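Please take a moment with the sequence and the structure before reading on; the paragraphs below are meant to be followed with both in view.

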Amino acid sequence: MKIGVLALQGAVAEHLKSLQLAGAEAIRIKRIEQLEEIDGLVIPGGESTTIGKLMRKYGFIEAIQQFSEQGKPLFGTCAGLIVLSERIAGQDQPHLSLMDMTVSRNAFGRQRESFETDLDVVGIDEPIRAVFIRAPLIQEVGEGVQVLSTYHDEIVTARQGHLLACSFHPELTDDYRLHQYFADMVQEYVSHK
């Protein structure tokens, strides 16, 4: 099972490490041709506008949309969540427009308002440690989207079939269980293709 991490911006090395701990072969993705070699893709945090511009520049928008059409799992963290969403509050143009949700950018405030907390996540036994840095939140989800965790009644983790998204940075802790959850989604895809 090979899982890629989109290596245009963000905490790529940390995601690669967490995926390896989860038992996946983890690969930096810098060219669209590499998408053919992998079974799942992580879109890391960073700055969503910059990631979107780089994705357009290097042809990743259409390539990742086709990747998703094949049923290959995608996992967006922090800015990656924004990139996956169909609707961004106060912004006309979404990036990939794949996940039926409306998100709000920087909803938890600026850098100095960053924090860590323990979160209960559906499908994971014990709470996971979550690092929120200029985090977005999910304002609303469509019918086919399952809410996996909330923080103060705000949605921060959700799944829609083969799409997974969280507001925080799971790669910035030693707890790789959310990456394991995603690796299990990818393994399920691999065993059914």
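Predicted model: local features only at pLDDT ≥ 70, side-chain atom pairs only at ≥ 80, totals over all residues.

Side chains of opposite charge can pair when their charged atoms come close. Over the whole structure, a search finds seven salt bridges. One of them joins the side chains of Arg87 and Asp100, with 2.9 Å from N to O; this pair links distant parts of the chain, as Arg87 belongs to strand β5 and Asp100 to strand β6, 13 residues apart. Arg87 is partly exposed, with a relative accessible area of 29%, and Asp100 is also partly exposed, with 22%.

A further salt bridge brings together the side chains of Asp118 and Arg129, at 3.1 Å from N to O. Asp118 sits in strand β7 (residues 115–119) and Arg129 in strand β8 (residues 128–132), so this pair ties together parts that are 11 residues apart in sequence. Asp118 is partly exposed at 47% relative accessible area, and Arg129 counts as partly exposed at 32%.

Helix α2 is the next stop. Which residues of helix α2 are buried? Within this helix, which spans residues 48–57, they are Ser48, Ile51, Gly52 and Met55. Because these residues cover an arc of only 100 degrees around the axis, they lie on the same side of α2, whereas Lys53 and Lys57 are exposed on the other side. The cover over the buried residues of α2 includes β1 (2–6), α3 (60–69) and α4 (79–84).

Both ends of the helix can also be examined. Just after α2, Gly59 adopts a positive phi of about 80 degrees.

His95, in the loop between β5 (85–88) and β6 (99–104), counts as buried because its relative accessibility is 8%, under the 20% limit. Leaving aside residues up to four places away in sequence, His95 touches Ser48, Gly52, Arg56, Ile61, Gln65, Ile82, Val83 and Ile88; Ser48 and Gly52 are among the buried residues of α2.

Definitions and conventions: Residues numbered from 1 in each chain as written. Heavy atoms only, no water. Buried < 20%, exposed > 50% of the residue type's maximum accessible area, 1.4 Å probe, protein only. Helix = DSSP H or I, 4+ residues; strand = E, 2+ residues; numbered from the N terminus. Arc of directions from axis to C-beta. Contact = heavy atoms within 4.5 Å. Salt bridge = Lys/Arg side-chain N within 4 Å of Asp/Glu carboxyl O.
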